[in-house]
Every structure is written in structure tokens, then in C-alpha cells.
Amino acid sequence: MTDLQLIHAGKYDFAQRSRQTTHGTFLSLTVSGQEYSRSYTPGGKPYLIGHNDFLSLTPPGCSIDFSYSRKRENFVLICDIPSLAFNEDESAISIAYCDTRIPLLPGKKLETAETLHLRSIFERIIQLKSSPVPANIFIAEQLCGRLLAELAIPDSPSTDKTRQDPAEQLKISLDNDLHFCKSLTAHAHAIGYSPEHLRRCFIHKYNIDPREYRLRRKLDRVFLLLNDRKLSMKEIAGELGMKNVTHLYSFIRQRCGSTPVKLQKKLPI
């Protein structure tokens with residue numbers, strides 16, 4: 001990457017509970033010791049919930065509320081990336097490349113082997129950053145680009161089969177809408193088909209209405225968020241793109257016949 005400037009590279013292994021604002025683009029790897037981590041957009045909207053074995057990308061101006069135990073091992077790279085853009089309304093982050101924009105995931109849960117591999121890259125970047133030799137800084141910044149590539153959302157293969165398969169394109173679009181910000185109509189317009197045509201294609205291929213598929217994905221997300229006992233109901237509602245807690249209660253009552261609190265008590269810790 002030619003427009004990425006690495007400002008800081010550090011490894012942290014001490015217990016800490018704090019809240020900070022990102023003064024650059026934060027590219028982070030959490031290996032262990034995280035008790036909780038919740039980040040918010042500059043406007044205060046929930047952006048991302050962190051985990052152990054987790055790679056994350058946080059734009060400038062966001063706030064991060066976190067707690068680590070003495071078993072902490074995490075890495076943070078602070079970068080200036082002019083080509084990075086953040087759409088706060090949709091919590092969508094992307095980077096310019098070859099006259100187009102590549103969408104990026106805000107975070108990615110890793111398998112153990114992936115964590116170990118990425119940890120070696122972070123450690124190498126830290127080592128190179130401490131060098132006064134320009135060539136080493138250049139290598140470090142190119143490795144940062146390699147880490148960003150881990151969060152890139154690939155397009156469907158540009159084959160005739162894929163272009164003729166709008167149902168698959170809709171499924172990918174729905175799966176990438178992590179905070180349920182877009183309506184089905186917005187998904188359809190972004191793909192380039194009418195909502196009704198996409199609906200028929202989706203039902204034909206997956207034997208489920210796309211609206212029901214989206215609701216089931218949202219319910220799966222509810223179970224995941226309720227399992228994090230440190231999250232308030234308001235924060236959970238925000239993660240799901242709901243305007244208030246009343247919508248969360250109504251959704252859970254309709255889908256499960258219960259309240260969020262009762263449902264939470266039934267979930268394994």
C-alpha cells in the first residue's frame with residue numbers, strides 16, 4: 001500500500017480497564033486476556049464487540065471501552081490511511097483500490113492457527129517499526145496492508161453463473177449486513193434487481209423467504225449478544241440496528257414468546 005503510514009506499533013501484556021478514542025485507524029489483534037471490548041462510532045452508535053482470537057479494524061474518532069486481565073496479549077497498529085472511508089450510518093468501512101472501493105469487515109473471529117500466524121506478522125511489524133532504516137519501515141507498512149487484506153470482503157467470482165445467480169448475491173449482501181442497517185429493498189437496489197424478482201429467486205434456491213432468512217440471522221445475533229452479560233439491552237438493540245429497547249423486546253417476544261431477560265437466563269454462560 002502506498003498511502004498507508006504506520007504511526008505506532010505496540011504489544012500490550014498488562015491488566016487494564018479504560019476507554020479511549022482512536023486518533024488514527026486502529027488495526028488490532030487480540031490473542032488473550034480480554035474481558036470485554038465494545039467500540040462506538042464518533043456519533044455514539046455501537047460499532048463492534050471484540051473477542052479473544054480476534055482481528056479488528058476501527059476508524060479514527062471512534063471510542064473503545066475495554067477491559068483486559070493479567071493474561072492479556074494484544075497488539076495495536078495505529079495507521080493513517082487516507083484511502084479508507086467510513087459510512088457511520090451503515091457502520092460500513094471500505095478502502096480505495098484500482099478505481100473502486102473494497103469493503104472491509106470491522107472484525108473477524110479467528111481460529112487458533114490463524115491467530116498464531118497473524119501474531120507473527122504483528123510482531124514482525126513492531127520489530128521493523130523500531131528500525132530507523134527506511135526500507136524496514138516500508139516493509140512494515142506493506143505488512144500492514146497484508147493484515148488489511150485479511151478483512152477484505154471478496155466479491156463473488158465474476159463468472160456468468162454468478163452474474164445469473166441473484167439469489168446468491170442477495171445472500172452475500174444479507175450476510176455482510178452485520179448491523180441490519182439496510183432494508184431488503186436497499187439490498188435489491190444495490191445488487192441491481194427488483195425486490196420481487198430477488199425474492200422469487202431466493203425462495204427457489206434456498207427454500208426460504210429472504211425476509212425470514214434475515215429475521216433468523218437477527219435472532220442468531222440476539223442469542224450471541226445476550227450471552228455477553230456485560231452488554232445492556234440498549235447496547236444489544238443498537239448492535240441489531242434497532243432504534244430502542246422496545247423494538248428488541250417486541251422482536252424477541254414475537255420470535256421466542258419470551259422477554260430478553262428470561263431468554264438470557266436460559267442461555268448457557
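Modeller: Let me start with N207: is this residue buried or exposed?

Biologist: The general idea is a set of cut-offs on relative accessible area: buried is under 20%, exposed is over 50%, and partly exposed lies in between, with a 1.4 Å probe and protein chains only. N207 has a relative accessible area of 70%, so this residue is exposed. A word on the source: this is a predicted model, in which local features need pLDDT of at least 70 and side-chain atom pairs count only at pLDDT 80 or more, while totals for chains, interfaces and linings use all residues. Residues are numbered from 1 along each chain as its sequence is written, and side-chain values use heavy atoms, with hydrogens and water left out.

Modeller: Where is N207 found?

Biologist: Elements here are DSSP runs numbered from the N terminus, with helices (H or I) of at least four residues and strands (E) of at least two. N207 sits in the loop between α6 (195-206) and α7 (210-226). Its phi is positive, about 60°, although N207 is not a glycine. D53 is another non-glycine with a positive phi, about 55°, and its place is the loop between β4 and β5.

Modeller: How do I read contacts, and what does E235 touch?

Biologist: Contact means heavy atoms within 4.5 Å. Not counting residues up to four places away in sequence, E235 touches R38, Y40, P46 and K230. E235 lies in helix α8 (residues 233-239) and counts as buried at 17% relative accessibility.

Modeller: And which residues does S18 contact?

Biologist: Leaving aside neighbours within four places in sequence, S18 meets I64, D65 and F66. S18 belongs to strand β2 (residues 16-21) and is partly exposed, at 26% relative accessibility. For a sense of distance, S18 and L198 are 180 residues apart in sequence and 46 Å apart in space, C-alpha to C-alpha.

Modeller: What makes up the largest nonpolar core?

Biologist: A nonpolar core is a set of buried Ala, Val, Leu, Ile, Met, Phe, Trp, Tyr and Cys residues joined through side-chain atoms within 4.5 Å. The largest one here has 30 residues, and those with the most contacts inside it are L6, L27, L77, F122, I125 and L147. Elements giving two or more residues to this core include β1 (5-12), β3 (25-40), β6 (63-80), α1 (112-129) and α2 (134-149). The largest share, five residues, comes from α1. Take I125 as a worked case: beyond its neighbours within four places in sequence, I125 is in contact with L6, A9, L77, A140, L143, C144 and L147. A second, separate core of 16 residues includes L226, L240, L248 and L263.

Modeller: How do I check a helix, and which residues of α2 are buried?

Biologist: Compare the end-to-end reach with the expected span, which is 1.5 Å times one less than the number of residues. With 16 residues, α2 reaches 23 Å from its first C-alpha to its last, close to the 22 Å expected. Its buried residues are A140, E141, C144, G145, L147 and L148. Seen down the axis of α2, these fall within an arc of 160° (taken from the directions from the helix axis to the C-beta atoms), so they line one face of the helix.

Modeller: Last one: in what order do the three strands of the open sheet come?

Biologist: Two strands pair if DSSP finds at least two bridges between them. The order is β7-β8-β9, with antiparallel pairing. The edge strands, each pairing on one side only, are β7 (84-87) and β9 (100-104).

Modeller: Which residues are bridge partners, for instance for F86?

Biologist: Four bridges join β7 to β8, and the partner of F86 is I93 in β8. Between β8 and β9 there are five bridges. There, S94 stands opposite P103, and I95 has I102 as its bridge partner. In a regular strand the side chains alternate between the two faces of the sheet.

Modeller: What about the turns of the hairpins?

Biologist: The β7-β8 hairpin has four residues between its strands, and S91 in the turn has a positive phi of about 50°. The β8-β9 hairpin has two residues between its strands, and C98 in that turn has a positive phi of about 50°.
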